[in-house]
Amino acid sequence: MPELPEVETVRRGLLPAMEGRLIVQAEVNRPDLRWPLPENMAGRLTGARVVQLRRRSKYILADLDRGESLLIHLGMSGRMLVSGVMLGGFHLDHPAPQKHDHVVLHMEGGARVTFNDARRFGAMDLVRTDREEAYWLLAGLGPEPFGNDFHEDYLVARLKGRATPIKAVLLDQRVVAGLGNIYVSEVLFRAGIDPRRQAGKIAAKRVAGLVPIIREVLAEAIEAGGSSLRDHRQADGELGYFQHSFRVYDREDEPCITCATPIRRIVQSGRSSFFCPSCQR
């Protein structure tokens, strides 16, 4: 599942094709993805101008001049394909339509933006921009990691007295928005905290120290994604899939980069956690 850095990379890749531009024509090729698509979606999008392209947690929001926002969730298999224009000045020819091109936006300026999803785990919807905080996928989300509302005192207060493992707390989107399994593993390694530790039993100073580490890890991943866009060469214009050099994630039995102890993998709430048993306490 794409996490905050991947979604932010996709948003940045879509900017030159979408922000400030008119949707000349929208094609909606099926009635549903993970959930039913909104009524008359093609008509509501065609002729609308994208005023701003934002990200909230793991969702992309395209604010339209008609008072609605197009919400995009990539899910496990959704792909955004851009042809005609891309970040960095690359121009790609429009590829032939594919079987799983479910929503296609023909943009002012000649770009084409395609939502392709073979397994249909992604989602799209139209949301009243002035009521988005009440929308069921966005309601109750915690603060953004780079926002002013996410700070040391906030995180210390949210973790106080919690018997839940720290890994699960950081994955809770009500605590902090956008973090997923990969980056929580990386954050806890840099912080030297065992993912099994009860959140409420971690010293306040160590909890406070998680805030800059979370921002550091996410910023590095976003920077890597931006580099991948500047160096883009894929023929179909796919955005957001790039390689990172993870320190613990998906490195089971490989030596820790700090102490050479083999990295362990355990399962927590059905998800793999990777950590160094020597460095993380």
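Let's start with a side-chain pair. The side chain of R54 makes a polar contact with the side chain of D63, at 2.8 Å. Keep in mind that this is a predicted model.

Where does R54 sit? It is in strand β2, which covers residues 50-56. Now its surroundings. Set aside the neighbours within four places in sequence, and R54 is in contact with R11, Y59, I60, L61, D63, S69 and E132. So D63 turns up on that list, and its side chain is the polar partner I opened with.

One distance for scale. R54 and R251 lie 197 residues apart along the chain. Their C-alpha atoms are separated by 33 Å.

Next, strand β7, residues 112-117. Is β7 mostly covered or mostly open? Mostly covered: six of its six residues are buried. Look at which way they point. R112, T114 and N116 go one way. V113, F115 and D117 go the other way. Both sets are buried.

Which strands pair with β7? Take β5 to begin with, residues 78-83. Six bridges join β5 to β7, and the two run antiparallel. Then β6, residues 101-107. Five bridges join β6 to β7, again antiparallel.

M80 stands opposite F115. V103 also stands opposite F115. And F115 itself is buried.

Last stop, the turn. β6 and β7 form a hairpin, with four residues between them. Find G109 in that turn. Its phi is positive, about 100°.

That's the tour: the R54 and D63 side-chain contact, then buried β7, with β5 and β6 as its antiparallel partners.

Note on methods
Residues are numbered from 1 along each chain as its sequence is written. This is a predicted model: local features need pLDDT of at least 70, side-chain atom pairs count only at pLDDT 80 or more; totals for chains, interfaces and linings use all residues. Side-chain values use heavy atoms; hydrogens and water are left out. Contact means heavy atoms within 4.5 Å. A polar contact is a pair of N or O atoms within 3.5 Å; within protein, one must be able to donate a hydrogen and the other to accept it, and residues adjacent in sequence count only if both atoms are side-chain atoms. Buried means under 20% relative accessible area, exposed over 50%, partly exposed in between (1.4 Å probe, protein chains only). Two strands pair if DSSP finds at least two bridges between them.
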